[in-house]
Amino acid sequence: MSIEPTYTIQQTLVSASKKLAELSDSALLDAKVLLAHILGKDLTYLVTWSDKELSNEQLSEFDSLVDKRLSGEPVAYIVGVKEFWSLPFFVAPSTLIPRPDTETLVELVLEHHQNANVSLLDLGTGTGAIALALASEQSSWQIEAVDFNLDAVKLAKRNALNLELTQVKVYQSDWFGAIDEDKSFDVIVSNPPYIDETDNHLSQGDVRFEPKTALVAENEGLADIEHICRYAKSYLAHKGTLYFEHGFEQAHAVRSILQKHGYSEAKTAKDLAGNDRITWAKLFKQ
């Protein structure tokens, strides 16, 4: 009688990371996240119990997830969750996957605005990552988050409920389309579509699986940024600030657009990789 071979957590991770290395520059982490998802445990468990043997059923489920990853599907979509600002966010193919670089935007807003009663609008909220991260730090802020995609709105509401941050008002709006005309915000933030439709990166990596409507904009990726600059003036308070996340080569163009539309003191900050990523400016009203 033959005996089925057994595999420990450690052996399974080593084997899977070798397979994934051709696709991913974070192969071992990808394997850990997928296995932790199968086991219903956190990453620390995998280290603490590295010698624990896995059942055939667990191995089979894990192999199927590894195959999905090998096809290029992002880990976040496979497991349905992505951490951002040390918070767990449900994700789905209807929204962009929250990225660490966007935490730079959250940090800047928190650094620049420390009043207890800030009013803030998040345009194109997706999973709700920016709005909810800010709400987790500033419970007294009046925060609204909008997206034109109804599936994204439902997902952001689900994240708000799961994170117990239901003070954030999430609703559907095509940019400013459904926002009350008498609203006034101290801060408007946006991570809008900013990739040119001819950009080669659209056919590479995780981006292939993300919604193009949340990635691509006309006018070399600047059309939505220009639209927001034009109409945000009606909704920003005096000395209000408008923040954008943008492409690493777009900082000069974004500052020029802001200045063209009457904003002042435009500045740019770099992301974790040292690339220009966040640009903001103030609006001084007459």
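Author: Leaving aside its neighbours within four places in sequence, V109 is in contact, meaning heavy atoms within 4.5 Å, with L120, L134, W141, V187, V189 and Y243. This is a predicted model, in which local features need pLDDT of at least 70 and side-chain atom pairs count only at pLDDT 80 or more, while totals for chains, interfaces and linings use all residues. Residues are numbered from 1 along each chain as its sequence is written, and side-chain values use heavy atoms, with hydrogens and water left out.

V109 belongs with L134 and Y243 to the residues that have the most contacts inside the largest nonpolar core, which has 34 residues. A nonpolar core is here a set of buried Ala, Val, Leu, Ile, Met, Phe, Trp, Tyr and Cys residues joined through side-chain atoms within 4.5 Å, and buried means under 20% relative accessible area, exposed over 50% and partly exposed in between, with a 1.4 Å probe and protein chains only. In soluble globular proteins, nonpolar side chains tend to be buried together.

The elements that each supply at least two residues of this core are β2 (87-90), α6 (103-112), α7 (129-137), β4 (142-147), α8 (150-162), β6 (185-190) and β9 (276-283); helices (H or I, at least four residues) and strands (E, at least two) are DSSP runs, numbered from the N terminus. Of these, α7 gives the most, with seven residues.

Apart from this core lies another, of 25 residues, among them Y171, V254, I257 and L283. An α-helix has 3.6 residues a turn, so residues three or four places apart point the same way.

As for confidence, pLDDT is the predictor's confidence in each residue, from 0 to 100, and the chain has a mean of 89, with 88% of its residues at 70 or more.
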